[in-house]
Amino acid sequence: MRIAVIPGDGIGKEVTAEAVKVLRAAASRFGREITLETLPWSADHFLATGETIPPNGYDLLRTFDAIFVGALGDPRVPDNRHARDILLGTRFELDLYVNYRPVRLLDERLCPLKGRGPADVNFVVFRENTEGLYVGVGGRFKAGTEDEVAIQEELNTYKGVHRIIRHAFEFASARGLGKVCMADKSNAMTHGHALWQRVFKEVAARYPAIQPTHYYIDALAMYMVLDPAQFQVIVTNNLFGDIISDLGATFQGGLGMAASGNLHPGRTSMFEPVHGSAPTFAGRNIANPIGAIASAALMLETLGWKDEVAAVDAAILKAVQERQVTRDIGGTLGTDQAGDAIVAALSV
Ligand code: NAD
Ligand code: IPM
Ligand code: MN
């Protein structure tokens, strides 16, 4: 396997170093070959060279079996241009239409919801990842004046909505799950989200064994907190999926715990923790590496390395249960030691 590694900015670099250690340890334990090629694309690289991603960057990424990203975002690049090209650009150009964000609580102690344990918090969010409000259609007219007009259009296509909803049902069907919940705001966004309503009904009709449910996104946020156990699979648009995945991260112990994959089934996909570059945490060896390590495990899952995934998941669980973790989830370890604890659990 050849993996492109983009550590990026801030804590992205620190958590990526730990994910890389774990990938190497998992490969070596099972006698597998893994080649990790680090790409320097980041705010530092942009500020030094003026380049966000090279002209052949997306083609280069397509030559790898998978892509691992730490995080992108730096206060020295206030318009976030490099992150737009590297992160959003890769999602769009490689057509990674599924943003797969599992929400799985490992230990009751980590959940801020009163009385909730691992049995109550175990669902996945499928976030549409190639359209919606993220496409950058729009503009600013008379910017900086009192007459400014700012327009940001939400793009919803039949193809885009259909393929993410179908993916959610296929996932549920393959895993024997009985429910898929779609969340939109069709009561207010009566054009774009009417399409989501139409397509959801159309696709659901083809999966009679799966119960389709629907909430408006505001109610969904409320039900996630009140009764997370009712959810198995949630499918929603790009922006709503972004927001509820940070909410879902808190159920797992915080942003440091949450993993994600940007997928186009059958093609080169990209894996990254849900969190960002956390500039105030950067360079302090305090960031939790588990979200990054769990994202590396999702990458191995997609590449079909079943034994390695089971071993990494077990090692993460052991570290969490034995509190061999960073301070954000009740431990005393630094980022590097928390990574070492998972490597140690993996190697036994
Ligand atoms: P953030 O996720 O970087 O951090 C928010 C807060 O969450 C942190 O202050 C910290 O309290 C906590 N946190 C995040 N990661 C953690 C970890 N590994 N361990 C412990 N605590 C952790 O979000 P932000 O502050 O809104 O964004 C900072 C920058 O990151 C921005 O430039 C933003 O655009 C970017 N960003 C990038 C990505 C990505 O690359 N995928 C994702 C989100 C945000
Ligand atoms: C995420 C991030 C990105 C997004 C930002 C950095 C553009 O928040 O991956 O969740 O909004 O998709
Ligand atoms: Mn986000």
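Predicted model: local features only at pLDDT ≥ 70, side-chain atom pairs only at ≥ 80, totals over all residues.
An oxygen atom of ligand 2 is placed 2.5 Å from an N or O atom in the side chain of Tyr 134. This is a polar contact, that is, a pair of N or O atoms within 3.5 Å; within protein, one must be able to donate a hydrogen and the other to accept it, and residues adjacent in sequence count only if both atoms are side-chain atoms. Taken alone, ligand 2 exposes 320 Å², and the protein buries 77% of that. Accessible areas come from the Shrake-Rupley method with a 1.4 Å probe, and for residues only the protein chains shown count as cover.

Residues are numbered from 1 along each chain as its sequence is written, chains are lettered from A and ligands numbered from 1 in the order in which they are written, and side-chain values use heavy atoms, with hydrogens and water left out.

A polar side-chain atom of Arg 127 lies 2.7 Å from an oxygen atom of the ligand, and one of Arg 101 lies 3.0 Å from an oxygen atom of ligand 2. The surrounding residues are Leu 87, Arg 91, Arg 101, Arg 127, Tyr 134 and Asp 242, where a residue is near a molecule or strand if one of its heavy atoms lies within 4 Å of it.

I turn to ligand 1. It is surrounded by 20 residues, of which the closest are Leu 72, Glu 272, Gly 276, Ala 278 and Asn 288. By class, this shell has ten nonpolar, seven polar and three charged residues. Here Ala, Val, Leu, Ile, Met, Phe, Trp, Tyr, Cys and Pro count as nonpolar, Asp, Glu, Lys and Arg as charged, and the others, Gly among them, as polar.

Which backbone atoms approach oxygen atoms of ligand 1? A polar backbone atom of Gly 276 is 2.7 Å from a ligand oxygen, a backbone N or O atom of Leu 72 lies 2.9 Å from one, and a polar backbone atom of Ser 277 is 3.1 Å from one. Of the 800 Å² of accessible area that ligand 1 has on its own, the protein covers 67%.

Ala 278 is found in the loop between strand 12 (269–273) and helix 9 (290–303); helices (H or I, at least four residues) and strands (E, at least two) are DSSP runs, numbered from the N terminus. With a relative accessible area of 27%, Ala 278 is partly exposed. On this scale, buried means under 20% relative accessible area, exposed over 50%, and partly exposed in between (1.4 Å probe, protein chains only).

Asn 80 also has a positive phi, near 60°, and is not a glycine. Its place is the loop between strand 3 (66–71) and helix 4 (81–93), and Asn 80 counts as partly exposed because its relative accessibility is 36%.

Next, the interior. In soluble globular proteins, nonpolar side chains tend to be buried together. A nonpolar core is a set of buried Ala, Val, Leu, Ile, Met, Phe, Trp, Tyr and Cys residues joined through side-chain atoms within 4.5 Å. The largest such core in this model has 87 residues, and those with the most contacts inside it are Phe 123, Phe 126, Ile 165, Phe 169, Val 180, Leu 220 and Ile 316. A second, separate core of 17 residues includes Trp 41, Leu 87, Leu 94 and Leu 96. Leu 87 is also among the residues surrounding ligand 2.

Is Gln 252 buried or exposed? Gln 252 counts as buried because its relative accessibility is 5%. It sits in the loop between helix 8 (238–251) and strand 11 (259–263). Its side chain reaches the backbone nitrogen of Arg 104 at 3.3 Å and the backbone oxygen of Gly 248 at 3.4 Å. Not counting residues up to four places away in sequence, Gln 252 touches Pro 102, Val 103, Arg 104, Leu 105, Leu 110, Met 257 and Ala 258, contact meaning heavy atoms within 4.5 Å.

Finally, in helix 10, Lys 306 is exposed, at 70% relative accessibility.
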